[in-house]
Amino acid sequence: MSTYETVLLVAAVLVLIAAVLIRTVTHKRHPAKKCSRCGKPSSHGYPENGQAESDTILPVCVDCLLRQLDEDYSVFDGRAVVIQPVAEFSCYVFRPKEEWNEAVRNDTESILAGLETLCHICGQEARYAWVNALEPAPVAKVPRLGLRQTLLTQTGARPLALCARCTVRRIERSLRQQEGGYLQICGPRGKKDGLVCGMG
Ligand SMILES: [Zn+2]
Ligand SMILES: [Zn+2]
């Protein structure tokens, strides 16, 4: 082996070692997160206390998340407008109507005032007004403009009255079709009426 070949060989070995080292270091910095409940790979973040803006966000897999959402939506004592989750937002959370601007507050109140009493799908008590959303663009405008000027613009467009379980089933259908996950996702809490919407 000539000196030149030896140098090339040593260089190749060094590059290989460097590549392995870099990979180990970066891998340690970004460990694959595991579901805090079952240990499977996590895809979403659920706030520890179940409320938006919590300091601690726990990684959860989609199955554990849906079990938790089922409980949250069932236990919630108020009523809420729920906008279908669409991809491209980092959060999908509930906020009581007082925390939104006037446009959102007025729309939420008028939608809930006109909510039918029984679930459109199963006939149980309806406490949620489901609003379809297919594109992120109109949803992104909801916090500023409310719902009537963004998602319910067509004459006669009205949300669907749903019970807790049927609402979570619809959320599940959307979540399972999406690739990524939400950094923060949680259901309604407390007794105050409000809105669930994708944000961020
Ligand atoms: Zn899990
Ligand atoms: Zn139902």
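The buried residues of helix α2 (residues 62-75) are Cys64, Leu65, Gln68, Leu69 and Tyr73. They cover an arc of only 160 degrees around the axis, so they sit on the same side of α2. Here the arc is that of the directions from the helix axis to the C-beta atoms. A residue is buried if 20 or more other C-beta atoms lie within 10 Å of its own, exposed if 12 or fewer, and partly exposed in between, with C-beta atoms placed from the backbone. The model is predicted: local features need pLDDT of at least 70, side-chain atom pairs count only at pLDDT 80 or more, and totals for chains, interfaces and linings use all residues. Residues are numbered from 1 along each chain as its sequence is written, while chains are lettered from A and ligands numbered from 1 in the order in which they are written.

The buried residues of α2 pack against β1 (44-47), β2 (57-60), α5 and β7. Contact means that the C-beta atoms of two residues, placed from the backbone, lie within 7 Å. Helices (H or I, at least four residues) and strands (E, at least two) are DSSP runs, numbered from the N terminus.

Helix α3 (102-113) has its own buried set: Val104, Asp107, Thr108, Ile111 and Leu112. These fall within an arc of 125 degrees seen down the axis, so they line one face of α3. An α-helix has 3.6 residues a turn, so residues three or four places apart point the same way. On the other side of α3, Glu102, Ser110 and Ala113 are exposed. The buried residues of α3 pack against β3, β5, α4 (136-145) and β8 (194-199).

The table sets out the spans of the two helices. The expected span is 1.5 Å times one less than the number of residues.

| Helix | Residues | End-to-end C-alpha distance | Expected span |
|---|---|---|---|
| α3 | 12 residues | 16 Å | 16 Å |

Now the sheet. It is open and has 6 strands, in the order β6-β5-β3-β8-β4-β7, with mixed pairing. Strands β6 (160-162) and β7 (184-185) stand at the edges with a single partner strand each, so one side of each has no neighbour in the sheet. Two strands pair if DSSP finds at least two bridges between them.

Strand β5 (residues 128-131) runs antiparallel to β6, joined by 3 bridges. Trp130 stands opposite Leu160 in β6, and Ala129 stands opposite Ala161. With β3, β5 pairs in the parallel sense over 4 bridges. There, Ala129 is the bridge partner of Val81. Tyr128 and Trp130 point one way from β5, Ala129 and Val131 the other way, and all are buried.

Helix α5 (residues 164-177) packs on the sheet, touching β3 (80-83), β5 and β6. Its direction makes about 25 degrees with that of β5. Axes are lines fitted to C-alpha atoms, for helices over the stretch in contact, and angles run from 0 to 180 degrees between N-to-C directions.

Two loop glutamates follow. Glu88 lies in the loop between β3 and β4. Its phi is positive, about 85 degrees, although Glu88 is not a glycine. Most residues other than glycine have a negative phi. Glu88 counts as partly exposed because it has 13 C-beta neighbours inside 10 Å. Glu98 lies in the loop between β4 (91-96) and α3. Glu98 counts as exposed, with 9 such neighbours inside 10 Å. Glu98 and Gly194 are 96 residues apart in sequence and 7.8 Å apart in space, C-alpha to C-alpha.
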